[in-house]
Amino acid sequence: MNFPKELKYTKSHEWVKIEGDIATEGISDFAQEELSDIVYLELPEIGTKVEAGKAFGTIEAVKAVSDLVAAVSGEIVEVNEELVNAPETINSDPYGAGWIIKVKMSNPDEANSLLSAEEYEKFVQEEH
Amino acid sequence: MAKKTPYYDKHVALGGHIVNFGGFLMPTQYKSVIEETKRVRATVGVFDVSHMGEIEVTGPDALRFISRITVNDPSKLSLNQVQYSAMCYNDGGIVDDLLVYRLKKRYLLVVNASNTDKDFKWIKYNVKENVTVKNISDDIAQLAIQGPDAEKVMQKLTDIDLSKIKFYWAREGKVADIDTVISRTGYTGEDGFEVYFNKTYADKMWDAVFDAGKEFDIEPIALGARDTLRLEMYYRLYGNDIDGTTTPAEGDLMWITRLNKTEFNGREVIIKQKLEGVKRKLTPFELLDKGIPRHGYDIKDDKGNTIGHVTSGTLSPMVERGIGCGYVEPEFSKLDSEFFIDARGRLLKAKVVEAPFYKHGTHK
């Protein structure tokens with residue numbers, strides 16, 4: 001399982017990449033492997049306000065349906081529309097082409113409370 | 001503590017995601033539910049079903065006894081024939097669904113893993129005839145080899161002419177030089193076999209089957225795909241679709257219920273329901289909207305009234321849409337009736353269809 005060092009993580013298994021005040025969010029390798037066979041996504045519109053810790057969409061695999069939880073608060077500035085027709089991209093490339101939304105952060109300090117790669121890896125191992 | 005089948009270490013080594021299923025540590029998937037489903041439909045796959053329960057009934061009154069505790073008619077069975085049936089409580093609620101094998105000198109009842117202890121107690125409690133009932137589950141390993149190429153794989157391992165075994169028939173004999181009961185049965189809708197043998201030979205059988213199946217890209221298949229395969233055929237899952245609170249009349253199982261038998265547990269209630277009608281009926285449906293129906297979701301009419309609930313649902317890898325079944329009021333169970341599945345607040349349009357959902361199964 002892969003936990004890229006340059007990313008931050010949540011306990012609900014999302015990752016974020018911070019570049020300036022833009023946070024790109026997706027789900028972790030662990031999450032995609034647990035879900036497997038991702039078949040549908042319900043994604044918000046550009047301009048939607050999201051709040052850290054709150055659901056902004058759903059991800060549905062054959063096995064289960066889960067909420068997508070915002071890692072940081074702000075306004076959605078980009079949505080990965082490619083995923084609507086090819087949700088399995090998240091399974092094959094969770095940290096790359098499988099990114100889900102980009103958020104313009106309203107409170108960049110929130111990113112400090114996210115987990116580092118080491119912390120997240122430890123969390124996953126303890127949980128499972 | 002959760003039990004393990006003799007194949008537990010293999011499941012782990014193969015990367016299976018392990019869960020506690022009915023008291024057994026079993027894999028839900030190895031690679032992917034969709035890929036595993038397609039493997040069985042395309043060539044052949046192998047399921048460890050050693051968790052299933054096997055209960056042996058012997059003695060001069062075995063037939064009469066089994067007839068009294070099951071809804072189907074075991075007197076119709078010839079030697080080596082197999083029958084799908086169910087056991088009911090006296091109030092018509094289903095104790096379990098099961099297979100009844102008529103073998104030389106004995107009957108074998110194959111029951112659901114999580115129900116084995118409950119079933120065994122219930123069966124013993126019902127004995128008043130001259131029979132001996134024995135739970136042999138802990139000694140028996142079982143593999144299901146399923147798919148259009150299953151016969152070609154298994155024929156390599158036995159002198160029994162498998163082409164002579166018809167659907168829902170069995171034979172006792174050597175497979176991979178191991179004593180077995182082998183039957184042309186399964187839970188997938190594909191052609192295939194279920195093989196029962198002493199668990200001492202678990203590894204030997206596994207290796208022989210996978211060697212024989214190599215040229216057909218044989219793969220192990222876990223419970224996730226087992227569920228999509230069985231639901232594509234609208235085969236019931238005990239605990240979801242039927243249970244102690246539902247009767248064969250409600251569970252759409254009248255096709256295995258022989259009301260002309262003079263005595264069996266639950267008969268009076270089932271006859272009454274047949275005459276007066278049921279208040280709810282298990283009904284197969286397909287989604288017209290994109291989405292996946294899931295166990296526990298409400299079923300609603302076009303005014304938003306709850307008219308039932310989903311008992312099983314999935315995305316069918318073969319039909320490529322949401323399929324499922326659930327209990328609804330009888331007026332909504334008619335073919336082409338439409339209703340809505342409440343998927344976490346999103347209403348998905350669904351239509352009652354004719355089962356099975358997947359129409360191209362190769363089972364004989």
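The second largest pocket comes out at about 340 Å³, in a structure that is a predicted model, where local features need pLDDT of at least 70, side-chain atom pairs count only at pLDDT 80 or more, and totals for chains, interfaces and linings use all residues. A pocket here is an open set of points on a 1 Å grid over the protein atoms alone, where a 1.4 Å probe fits and protein lies on both sides within 12 Å along at least five of seven lines. The volume is the space filled by probe spheres set on the points, which are joined across faces, edges and corners. Side-chain values use heavy atoms, with hydrogens and water left out, residues are numbered from 1 along each chain as its sequence is written, and chains are lettered from A and ligands numbered from 1 in the order in which they are written.

Helix H4 of chain B (residues 116-126) gives the most to the lining, with three residues. Helices (H or I, at least four residues) and strands (E, at least two) are DSSP runs numbered from the N terminus. Sorted by class, the lining holds six nonpolar, 11 polar and six charged residues, with Ala, Val, Leu, Ile, Met, Phe, Trp, Tyr, Cys and Pro taken as nonpolar, Asp, Glu, Lys and Arg as charged, and the others, Gly among them, as polar.

On to an annotated position: an unreviewed UniProt entry puts a "binding site" at B:Glu194, bearing in mind that such annotations may be inferred rather than shown by experiment. B:Glu194 sits in strand E12 (residues 192-198) of chain B and is buried, at 6% relative accessible area. Buried means under 20%, exposed over 50% and partly exposed in between (1.4 Å probe, protein chains only). Beyond its neighbours within four places in sequence, B:Glu194 has contacts (heavy atoms within 4.5 Å) that include B:Leu99, B:Tyr101, B:Gln142 and B:Val181.

Most residues other than glycine have a negative phi, and most peptide bonds are trans. B:Asn80, however, has a positive phi near 75°, and B:Lys105 has one near 65°. Finally, B:Ala355 and B:Pro356 are joined by a cis peptide bond, omega about 0°, with B:Pro356 in the segment after strand E19 (346-352).

Notes. 1 Å grid on protein atoms, 1.4 Å probe; cavity = no way out; pocket = protein on both sides within 12 Å on 5 of 7 lines; lining within 4 Å.
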